[in-house]
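Work through the exercises below with the sequence and the model side by side. Each task is followed by a solution in steps.

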Amino acid sequence: MSLFLTSLRLTLRQCLDGAFLRLVLLSVLASAVLFGGLLALAVFLSTHFLPSSGWMAWLAGTLGGALALVLAIWFFVPISIVIVWMFTDSVSSAVERRFYPHLPPPPGSSVGSQISSAFGLMGRAVALYTMALPALFVPGLGMVVFTAIGVYQLGRELFETVALRRARREDFAPIWQQVRFSAWGVGACLTAMAIIPGLNLLAPVLGTAAMTHIFARRL
């Protein structure tokens, strides 16, 4: 629990740093563009085949718009993973420069490997949320399923993305056993942020920073 709280406290403390604030703003902009695109696609899909005139059209449009927003939020976690991939190295490096200057430069990985990993994470997230989509239409169950998948995706897999900057993949399992409860705690916070339009745009970069603290302070 202390590792979880420390990671949140240090992340919030750095938010007003000039360099870090720039990354936050860039992440918010990228998140807004992708979320807006996802919302536009959801609106198109939810209203394209609806009546085009009369009160039925108005009702269908209203319901379709609401459904589009729900669907956009439902699939925001996969979008977050793309944002995390875009900013992982920049955000983690900013955190390490301020709080862990003793760390050597990370070995890094090839661009091809990073892209493959990012699309693998996003693909798993899309698959999970797509398979769970019917739960969205069962009162109460949708939120439970969304939360469970979000905590897993934004907990374990976000931490994995950060950890593999410095750790070998074969060493990841024992590291995860050390920190899984703290990482899942961060994942729960990010999942809660994901359902609040506007606040969800901050989730990727703040989550990446928090996971960097968890990895660096795990021992």
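**Exercise 1. Find the residues through which H6 and H8 touch, and describe how the two helices cross.**

Step 1. On the H6 side of this predicted model, the contact residues are Leu-154, Gly-155, Leu-158, Phe-159, Val-162 and Ala-163. They meet Gly-207, Thr-208, Met-211, Thr-212, Ile-214 and Phe-215 of H8.

Step 2. Sorted by class, the contact of H6 with H8 holds eight nonpolar and four polar residues, and no charged ones.

Step 3. The axes of H6 and H8 come within 9 Å and cross at roughly 70°. An angle from 65 to 115 degrees counts as roughly perpendicular, so H6 is roughly perpendicular to H8.

Step 4. The crossing of H6 past H8 is right-handed.

**Exercise 2. Describe how H7 and H8 are arranged and which residues join them.**

Step 1. Roughly 160° is the crossing angle of H7 and H8, and their axes come within 10 Å.

Step 2. Angles over 145 degrees count as roughly antiparallel; therefore H7 and H8 are roughly antiparallel to each other.

Step 3. H7 contributes Ile-175, Val-179, Ser-182, Ala-183, Val-186, Gly-187, Leu-190 and Met-193 to the contact. From H8 come Ala-203, Leu-206, Gly-207, Ala-210, Met-211, Ile-214 and Phe-215.

Step 4. Twelve of the residues in the contact of H7 with H8 are nonpolar, three are polar and none is charged.

Step 5. H7 passes H8 in a right-handed crossing.

**Exercise 3. Decide whether H1 is parallel, oblique or perpendicular to H7, and list the contact.**

Step 1. Helix H1 covers residues 2–14 and helix H7 residues 172–194; they pack at an angle of about 45°, with their axes 8 Å apart.

Step 2. That angle makes H1 oblique to H7.

Step 3. In H1, Leu-3, Phe-4, Ser-7 and Leu-8 make the contact, and in H7 they meet Val-179, Ser-182, Gly-185, Val-186 and Cys-189.

Step 4. The classes in the contact of H1 with H7 are six nonpolar, three polar and no charged residues.

Step 5. H1 passes H7 in a right-handed crossing.

**Exercise 4. State how many aromatic pairs the structure has, and examine the one formed by Phe-159 and Trp-176.**

Step 1. Searching the whole structure gives eight aromatic pairs.

Step 2. One of them joins Phe-159 and Trp-176, with 6.0 Å centre to centre and 45° between the planes, and is tilted.

Step 3. Phe-159 lies in helix H6 (residues 141–163) and Trp-176 in helix H7, 17 residues apart, and the pair links distant parts of the chain.

**Exercise 5. Find which element has the lowest mean pLDDT and which has the highest.**

Step 1. The protein averages a pLDDT of 80, and 81% of the residues score at least 70.

Step 2. Helix H3 (residues 54–74) has the lowest mean among the elements, 59, while helix H8 (residues 203–216) has the highest, 92.

Step 3. Where pLDDT is low, the predicted coordinates should not be read in detail.

Definitions and conventions
Residues numbered from 1 in each chain as written. Predicted model: local features only at pLDDT ≥ 70, side-chain atom pairs only at ≥ 80, totals over all residues. Heavy atoms only, no water. pLDDT = per-residue confidence, 0-100. Helix = DSSP H or I, 4+ residues; strand = E, 2+ residues; numbered from the N terminus. Axes fitted to C-alpha atoms, helices over the stretch in contact; angles between N-to-C directions. Parallel < 35°, antiparallel > 145°, perpendicular 65-115°, else oblique. Left-handed = near helix turned anticlockwise from the far one by under 90°. Contact = heavy atoms within 4.5 Å. Nonpolar A, V, L, I, M, F, W, Y, C, P; charged D, E, K, R; others polar. Phe/Tyr/Trp six-rings, centres within 6.5 Å; stacked < 30°, edge-to-face > 60°.
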